[in-house]
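I am opening my notebook on this structure. I will go place by place and write down what I look up.

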Amino acid sequence: MKTAALLALDAASARGVTYADARAVSIRNRSLTTKNGRVGHASESESLGIGVRAIAEGAWGFAASADLSRAAVEAAAARAVEVARASARVKREDVRLAPEPAAVAEWTTPYKVDPFTTSVGQNLDLLLKVDAEMRAVGGVTLAETGMNFLCEESWFLSSEGSDIHQTKYSTGAGYTAYAFAGSEIQKRSYPNSFGGQWQNRGYELIEEMKLVQNARRLAEEAVALHHADQCPEGTATIILDGSQLGLQIHESIGHPIELDRVLGMEANFAGTSFLTLEKLGHLRYGSELVNVVADARQEHGPGLGTFAYDDEGVAAQSTPIITNGRFTGYLSSRETAHTIGAARSGGTLRAEGWNRLPMIRMTNVSILPGETPLSLEQLIAATDDGIYMETNKSWSIDDKRYNFQFGCEIAWEIKRGKRVRMLKNPSYSGITTEFWNSMDAICSRDEWALWGTPNCGKGQPQQVVGTGHGASPARFRKIRVGSAYS
Amino acid sequence: MLTREQAADIFERIRRFSSADEVEAIFTGSRFALTRFANNTIHQNVEEENSIVSIRTNFAGRTARATTNQFDDESLRRAVTASEKLARVQVADPDLLPMPDAREALGRTGEAPVAPPSRFFEQTAAITPADRAEVVKGIVAVAAKHKLTTAGICSNSESRVGIFNSRGLANWHHQTLAEISVTMLADDSSGWQKSNSPDVRNLDAAQLAETAAQKAVESAHPREIAPGKYTVILEPAAALDIVGFMFWDYSGVAILDQRSFLNDRIDTELFGENINIWDDAAHPLQAGSPFDGEGMRRRRVQLVGNGVVKRVVYARATARKMKNSEYAAKVGPIEATGHGFPLPSEMGEMPMNIVFGGAENPRGVEQMIASTERGVLVTRLWYIREVDPYEKIVTGLTRDGTFLVEKGKVQCGVRNFRFNQSLISMLSNVEAMSAPVRACGEESFDMVVPAMKVKEFNFTEATKF
């Protein structure tokens with residue numbers, strides 16, 4: 001694979017480029033699901049190929065090939081240069097890359113158990129045990145489980161001398177119990193919805209999640225929702241669990257801070273951002289308690305946005321995004337760094353695979369936990385009147401990232417510090433900066449978890465990558481609730 | 001990119017490597033190119049070539065799949081072994097059927113299969129990076145003429161899909177697709193248009209750019225009006241993006257799983273009597289392959305007739321399971337329709353070649369505007385997600401060209417709205433439709449769908465732009 005990358009660089013360089021890089025990538029995946037006591041889906045896949053990026057006449061070109069023969073690799077490199085020269089026909093100024101020292105490195109995701117060494121039988125046995133627990137609860141009409149492993153090995157070589165070999169592992173699992181009765185379908189998911197929990201770790205993540213132990217409780221909650229009261233419509237104090245807050249961060253902080261969106265590069269599809277450049281360092285994004293970082297380093301944790309080098313060879317970094325409520329940083333790349341006066345890229349460029357162009361993606365965009373010890377139960381006990389919401393059910397936000405609406409699977413009304421009744425179909429909505437400025441409490445480190453969002457889509461052609469979001473439960477005042485059913 | 005003959009040769013090697021009772025291989029391959037522009041310049045420009053073989057093995061009720069994009073013997077053997085290992089550890093599924101042979105895949109005995117028109121066009125396949133750059137240059141010129149900034153894509157692809165199995169089935173489909181999407185941006189407004197077709201000659205980049213520019217100019221300085229229930233005129237792209245969220249439920253598996261909003265509602269008048277919907281892969285305005293994930297020929301199926309939900313679609317195994325289920329008497333005709341996903345699949349099947357019937361008296365968007373006392377004209381919808389699975393309430397926002405209509409005329413641009421809208425009530429409130437056209441959006445798959453004038457559309461909030 002490395003030989004193919006070297007061949008590609010040589011072929012591009014021979015055609016007069018000012019910059020080129022090549023990523024040779026091998027991806028392996030295992031995907032298993034069960035449904036109502038049977039295997040739903042069982043598959044493995046592998047994909048190999050090379051992607052070549054080149055700058056010629058001041059413009060970008062990219063070409064990718066699954067064929068790793070010498071002739072095909074050289075042809076892909078030549079094609080990347082031809083595409084770059086075509087790009088130059090419609091350009092306003094030359095691409096400028098922020099300087100970056102050449103890196104020579106080897107890195108592998110730290111893990112205890114290589115997930116691919118576990119047997120499929122072992123994996124399915126676990127999922128079917130979870131499935132049986134859920135279906136043991138009367139009223140459950142559909143039980144679904146899933147488990148996924150991913151290993152991506154890449155060789156990045158650049159015309160500036162970088163030579164980086166990385167191997168990243170991702171592991172994820174989760175399940176959902178559905179209950180259909182009358183004219184309603186209710187559901188509960190664990191440990192999160194839409195694929196469960198994902199991290200860049202080995203099989204030890206699966207073993208730590210206590211999947212079987214929580215299945216019956218979750219199934220009982222799905223059934224109990226049919227007897228719960230509807231979430232009221234109005235204005236309320238809300239407390240969000242960590243997984244929901246992670247998605248709130250993803251949508252209303254993570255995407256608007258992507259500098260390519262801010263600069264209009266995503267205007268046709270993913271949209272732009274309300275965080276125009278003059279707001280950097282000035283905007284009061286949230287309350288004093290809101291501190292957010294974009295941190296790709298291993299020391300932040302094994303998030304889906306953790307790596308040693310991004311896909312243009314820039315070392316993992318931690319960037320302060322919101323500092324004591326003030327907006328302090330964007331996600332940037334070598335091409336965009338100069339627009340914010342940065343001397344160096346923030347190291348956030350990533351691609352879905354060998355056949356996709358790397359672009360600015362969230363790394364681990366996380367809210368830091370509160371410094372004063374505060375558990376979720378203590379936060380609820382300190383809330384006189386409010387609604388505690390758990391586990392995302394739906395999410396939507398406008399193309400500048402102002403107006404959002406989230407639905408959750410379940411909620412509990414809080415009165416005088418106690419959960420007094422279950423509520424079904426909870427939802428809340430608002431405007432991003434108003435919402436974050438209303439945060440008046442956040443739980444401390446003991447409640448903080450690094451959640452994985454494995455399905456973040458962006459770009460044309462669309463690319464799906466995983467992002468990480470550390471969060472602990474937090475409280476927000478005067479939030480509009482229940483509008484989804486208004 | 002693999003030819004049919006090369007794929008057949010690879011399948012023979014796969015058969016030799018496999019010890020399974022049955023083996024199937026699905027080949028997909030494409031040569032894909034996309035030129036992306038923003039801020040009136042090309043900023044991303046990509047080309048890709050890839051071919052994949054996905055191998056399914058069957059052992060007496062147990063099945064699994066493994067995929068690779070490498071075709072040397074070692075890679076193929078590894079994929080076959082992976083598929084077999086995944087299958088062997090499973091408990092046998094009594095609902096798994098033997099693979100279909102070529103005769104079964106054609107459908108009912110005596111029924112003449114309707115072959116779709118050719119969807120391969122040399123003019124589309126031959127487009128070069130320089131050709132795409134010229135198209136972009138023209139779009140940028142339109143932006144400059146209107147003092148706007150433009151962003152979008154110009155792409156072309158050639159793709160092949162084939163399915164072979166050890167019972168002699170061998171199907172192959174070859175097609176092209178060209179696509180242009182244009183956003184025009186002003187200081188506080190924007191406009192958008194998108195079009196695609198297997199034949200690039202059906203795309204008019206200049207017209208798309210002019211229409212998007214006109215929308216950006218005319219929606220400048222948008223007014224904020226209060227959310228509430230409005231008559232809306234949904235252009236075809238907006239209509240397809242929202243209605244697309246219900247078609248996952250037109251599936252036999254969704255009924256059996258009790259996750260469909262059609263549970264207990266088939267053969268009832270759920271929508272207005274002016275709503276007629278088919279799935280028809282052979283329709284001249286449709287695209288895609290004429291066979292499903294098992295190689296079964298896709299059949300034309302009427303899903304909704306005069307507002308009554310007639311039936312859902314079935315993969316082979318789902319049809320058999322449904323016939324033996326408690327729902328058999330209340331779901332309409334039950335038979336394999338050629339809409340299955342590649343097996344194994346917990347989702348079963350889905351209609352994805354949707355064709356809406358036209359109105360008796362079709363009305364163009366201009367006529368809809370002229371007949372509207374007060375309403376909102378919507379170009380495009382965005383970030384649609386399901387809120388309630390049984391009442392089929394979805395939320396989302398308007399985008400890139402939202403206008404206030406009063407006294408039969410477009411008055412001004414308005415700030416974008418969030419909606420929370422039941423699709424059941426929406427399709428019961430359609431007051432007028434245009435002639436159906438091939439349309440494409442970003443939230444749902446391409447369809448043949450009309451513009452729709454809908455009363456009492458539920459806008460619940462307004463955003464800040």
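**Entry: one arginine.** I looked up B:Arg399 and found it in strand E13 of chain B, residues 393–406. I kept in mind that the model is predicted. Is B:Arg399 buried or exposed? I counted 26 C-beta neighbours inside 10 Å of B:Arg399, so it is buried; the cut-off is 20 or more.

Next I asked which residues B:Arg399 touches, leaving aside its neighbours within four places in sequence. In chain B the contacts are Arg380, Leu381, Trp382 and Asn416. From chain A, A:Asp399 is in contact with B:Arg399. I also checked B:Trp192, which is 207 residues away from B:Arg399 along the chain. Their C-alpha atoms are separated by 8.6 Å.

**Entry: where the chains meet.** How many residues does each chain give to the contact? I noted 66 residues from chain A and 70 residues from chain B. On the chain A side, strand E2 (residues 38–56) gives the largest share, with twelve residues. I sorted that side of chain A by class: 28 residues are nonpolar, 25 are polar and 13 are charged.

I then followed E2(A) across to chain B. It is joined by four bridges to strand E3 of chain B, residues 62–68. The two strands run parallel. I picked out A:Glu46, and opposite it stands B:Thr68 in E3(B).

**Entry: domains of chain B.** I looked up the domain assignment of chain B. Domain 1 covers 4–33 and 46–105, domain 2 covers 122–162 and 174–216, and domain 3 covers 222–465. The centres of domain 1 and domain 2 of chain B, taken over C-alpha atoms, are 37 Å apart. Their contact takes nine residues from domain 1 and ten residues from domain 2.

Which elements of chain B give two or more residues to the domain 1 side? I found helix H1 (4–17) and strand E1 (22–38). E1(B) gives the largest share, seven residues. By class, the domain 1 side has four nonpolar, three polar and two charged residues.

**Entry: a helix in chain A.** I turned to helix H6 of chain A, residues 242–254. It has 13 residues, and a straight helix would reach 18 Å at 1.5 Å a residue.

Technical notes
Residues numbered from 1 in each chain as written. Chains lettered and ligands numbered in written order. Predicted model: local features only at pLDDT ≥ 70, side-chain atom pairs only at ≥ 80, totals over all residues. Expected span 1.5 Å × (residues − 1). Domains from an automatic or database assignment. Contact = placed C-beta atoms within 7 Å. Nonpolar A, V, L, I, M, F, W, Y, C, P; charged D, E, K, R; others polar. Pairing = 2+ DSSP bridges. Buried ≥ 20, exposed ≤ 12 C-beta atoms within 10 Å, placed from the backbone.
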